[in-house]
Amino acid sequence: MPMSSSESATVLKRTVIIAIFAAVAVVLSIVEAQIPLVGMGLMPGAKLGFANIMILTCIFFLRGRDAFLLVILKTLLTAFLLGTFSSLLFSLSGSLLSFVVMFLLVRWGREKFSVIGISIAGGLAHNTGQLLAASLVFNSLSILYYLPILLITGVVTGIAVGFAVRYLVASLSKIAIFEEFLD
């Protein structure tokens with residue numbers, strides 16, 4: 001059965017929003033990759049998670065499958081531009097776990113948790129997912145010694161990302177294209 005013109009318009013708007021969010025997420029990842037975090041005492045490969053601003057914003061506006069597609073696009077594009085197969089594996093593991101946690105908290109815990117709290121949970125899940133993937137790849141649990149420092153950085157970056165998402169969601173909510181996607 002063919003779609004009505006309003007359904008087609010909604011599908012097109014979703015597609016455009018996902019494409020824009022993916023582009024912004026990749027640019028944020030590229031900018032973030034230029035920040036020398038190892039010099040600040042963090043482990044190699046540590047990132048601030050700025051691209052998660054777009055993921056969490058997408059979860060607030062669009063369907064779960066749209067946000068999932070954004071996670072996959074962001075992770076693949078960023079890995080192709082900046083990384084290696086191992087960075088793809090670790091990033092995908094962290095991104096998927098983070099997505100699931102944030103999605104569930106937004107869908108069923110929005111009244112109980114703030115945007116910043118949801119973002120912190122996403123940051124913690126991302127770091128945990130990456131470490132679990134690394135422990136499987138390297139067949140060693142000793143890598144989990146990084147967990148305490150990564151949990152601390154997950155909280156700190158989760159707070160920063162949460163503030164950005166809170167501002168971005170409020171700002172985008174005022175734009176006509178996003179109005180129909182508000183709950």
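The model is predicted, so local features need pLDDT of at least 70 and side-chain atom pairs count only at pLDDT 80 or more, while totals for chains, interfaces and linings use all residues. Residues are numbered from 1 along each chain as its sequence is written, and side-chain values use heavy atoms, with hydrogens and water left out.

Q: Why is phenylalanine 21 called buried?
A: Buried means under 20% relative accessible area, exposed over 50% and partly exposed in between, with a 1.4 Å probe and protein chains only. Phenylalanine 21 comes in at 3%, so it counts as buried.

Q: What about phenylalanine 178: why does that residue count as buried?
A: Its relative accessible area is 7%, so phenylalanine 178 is buried as well.

Q: What makes phenylalanine 21 and phenylalanine 178 a stacked aromatic pair?
A: Rings of Phe, Tyr and Trp (its six-membered ring) pair if their centres lie within 6.5 Å; planes under 30 degrees apart count as stacked, over 60 as edge-to-face and the rest as tilted. Here the centres are 6.1 Å apart and the planes sit at 15°, giving a stacked pair. The two residues are 157 apart in the chain, phenylalanine 21 in helix α1 and phenylalanine 178 in helix α7. Both also belong to one aromatic cluster with Phe61.

Q: How do you know that the length of α1 agrees with its number of residues?
A: Helices are DSSP runs (H or I, at least four residues), numbered from the N terminus, and strands are E runs of at least two. The expected span of a helix is 1.5 Å times one less than its number of residues. With 29 residues, α1 should span 42 Å, and its end C-alpha atoms are 42 Å apart, so the two agree.

Q: Which residues touch the most other members of the largest nonpolar core?
A: A nonpolar core is a set of buried Ala, Val, Leu, Ile, Met, Phe, Trp, Tyr and Cys residues joined through side-chain atoms within 4.5 Å. Of the 31 residues in this one, Phe21, Leu56, Ile59, Phe60 and Val165 touch the most other members. The helix that gives the most is α2, with 8 residues.

Q: What is phenylalanine 21 in contact with, leaving aside its neighbours within four places in sequence?
A: Contact means heavy atoms within 4.5 Å. Phenylalanine 21 has Met54, Thr57, Cys58, Leu70, Leu172 and Phe178 as partners, leaving aside those neighbours.
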